[in-house]
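Below is a short report on one protein chain, written for a reader who has its sequence and structure at hand. Please look at the model first and then read the sections in order.

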Amino acid sequence: MLNKGHGADSLVFNNLISGFLNLGNLDKANELFDELKERCLVYEGVVNATFMEWWFNQGKDKEAMESYKSLLDRKFKMPPPTCNTLLEVLLKHGKTKEAWTLFEDMLDNHTPPNTQAVNSDTFNIMVNECFKLGRIEEAIKTFKKVGTKPGSKPFAMDVAGYNNIITRFCEHGMLSEAEKFFQELCGKSLTPDVPMYRTMIDAYLKAERVDDALRSFTKMVETGLRVVASFGTKVFSEFLKNGKNLEVATLLAKMGEKEPKPDASIYDVVVRGLCNADELDKSLDVLDQMMKYSIGVTPALQEFVRGAFGKVGRNEELDRVLNENRWRFPGRQPRPFGQSPRSPSGPAEMGGWQSSGSPQMAGGQQFSGPSQMPGQQSLSWRST
């Protein structure tokens with residue numbers, strides 16, 4: 001790095017220093033640190049955090065805090081990630097007073113757009129410390145804390161910050177507070193993300209507030225956020241268990257209208273749940289969607305639905321839905337067997353294919369693909 005003139009990168013030096021400290025080679029680590037300080041008038045404070053962590057682990061708090069003081073004495077204007085690292089080290093090793101002093105200094109120095117001294121991670125670290133100590137009211141005050149120095153400005157909290165404190169509320173069973181902050185987030189024109197919806201939905205289900213969970217999940221789907229397989233199967237199972245059959249079928253249909261399509265395991269859970277609830281018509285609709293979107297119907301699921309439909313003599317109806325040929329040519333309605341593929345307006349068009357000859361084979365059989373059959377004229381792609 002140095003020989004090629006790239007300059008002294010603090011993080012590269014920090015990595016080397018950390019390695020030598022872990023080997024117990026303090027002399028080499030100090031030698032590298034001295035070289036960094038010679039080459040850079042301003043260096044990353046995370047190097048001091050690395051030394052502090054090592055000294056603390058050696059049981060030498062005095063040396064650790066001397067390293068911290070030497071950094072502060074340089075009066076560097078440190079970015080939030082650097083200060084956040086220092087906050088974490090101080091709190092981890094019981095230096096609570098120093099951590100809060102650093103936090104307050106960061107707030108005082110936050111004068112956007114000129115200086116961004118804090119970010120949501122800064123607040124998350126301190127809020128989490130309050131929750132860890134059971135000081136809930138202090139956590140709320142910390143979340144809204146502003147610097148007292150003239151010129152300092154409030155931090156415009158982002159989704160990540162709200163997500164963190166809402167999660168902590170839910171963990172402590174404080175669902176009403178979580179709802180309050182969720183509404184506050186939405187009122188600031190911020191958009192809840194997937195983790196936040198998941199946190200609220202999980203909390204509602206844990207509190208057996210199924211209707212509220214359903215409302216939140218519906219909003220999540222309507223917003224277009226992706227529902228991963230593990231979360232989708234869990235939530236739909238809970239909804240089905242609580243008799244929300246129509247709502248589940250409607251929600252899954254909405255999800256299927258967008259890309260990416262829901263995972264096959266979600267469809268599987270819903271089909272089985274609807275069948276178990278004797279909602280065979282709705283389960284048939286879901287199976288129809290699976291075939292339409294080319295979602296694989298596993299042999300195990302097929303066996304299950306054949307058993308459910310066979311009990312009421314509806315296997316023939318099920319077979320029609322599971323017939324893959326209905327959806328072989330996208331955009332075309334199924335055509336009764338033997339019907340002429342030609343229309344009064346011109347040659348037949350099948351899913352984007354236009355024949356240059358007769359697409360129908362002897363015996364009235366329909367052509368089912370682009371492969372050329374003996375005695376049949378070639379097919380050519382027609383742009384649509």
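## Two loop residues with positive phi

S189 sits in the loop between α10 (175-187) and α11 (194-206). Helices here are DSSP runs of H or I with at least four residues, strands are runs of E with at least two, and both are numbered from the N terminus. The phi angle of S189 is near 65°, a positive value in a residue other than glycine. S189 counts as exposed because its relative accessibility is 68%. The cut-offs are under 20% relative accessible area for buried and over 50% for exposed, with partly exposed in between (1.4 Å probe, protein chains only).

K75 is found in the loop between α4 and α5 (80-92). K75 is not a glycine, yet its phi is positive, at about 55°. With a relative accessible area of 72%, K75 is exposed.

## Basis of the model

The model is predicted: local features need pLDDT of at least 70 and side-chain atom pairs count only at pLDDT 80 or more, while totals for chains, interfaces and linings use all residues. Residues are numbered from 1 along each chain as its sequence is written, and side-chain values use heavy atoms, with hydrogens and water left out.

## The chain as a whole

The protein chain has 18 helices and three strands. It has 384 residues, of which 42% count as buried. Take the contacts between residues at least 6 apart in sequence: 58% of them join residues at least 24 apart. Contact means heavy atoms within 4.5 Å.

Residues 158-192 are 74% helix and 0% strand, with the end C-alpha atoms 10 Å apart.

## Helices α14 and α15

Helix α14 (residues 245-256) packs against helix α15 (residues 264-276) at an angle of about 155°, and the axes are 11 Å apart. The angle makes α14 roughly antiparallel to α15. Axes are lines fitted to C-alpha atoms, for helices over the stretch in contact, and angles run from 0 to 180 degrees between N-to-C directions. Angles under 35 degrees count as roughly parallel, over 145 as roughly antiparallel, 65 to 115 as roughly perpendicular and the rest as oblique. The crossing of α14 and α15 is left-handed; that is, the near helix is turned anticlockwise from the far one by less than a right angle, whereas clockwise would be right-handed.

On the α14 side the contact is made by N245, V248, A249, L252, M255 and G256, and on the α15 side by I266, Y267, V270 and L274. Sorted by class, the contact of α14 with α15 has eight nonpolar, two polar and no charged residues. Ala, Val, Leu, Ile, Met, Phe, Trp, Tyr, Cys and Pro count as nonpolar, Asp, Glu, Lys and Arg as charged, and the others, Gly among them, as polar.

## Helices α16 and α17

The axes of α16 (residues 280-292) and α17 (residues 299-310) come within 12 Å and cross at roughly 150°. This makes α16 roughly antiparallel to α17. Their crossing is left-handed. From α16, L280, S283, L284, L287 and M290 meet L301, V305, A308 and F309 of α17. By class, this contact has eight nonpolar, one polar and no charged residues.

G307 also lies in α17. Is G307 buried, exposed or partly exposed? Its relative accessibility is 33%, so G307 counts as partly exposed. G307 and C275 are 32 residues apart in sequence, and their C-alpha atoms are 10.0 Å apart in space.

## A buried serine

S67 is part of helix α4 (residues 61-73). S67 counts as buried because its relative accessibility is 10%. Leaving out residues up to four places away in sequence, S67 touches N48, F51 and M52.

## Cis peptide bonds

P112 and P113 are joined by a cis peptide bond with omega of about 5°. P113 is in the loop between α6 (96-108) and α7 (120-132). Another cis peptide bond joins E259 and P260, with omega of about -5°. P260 lies in the loop between α14 and α15.
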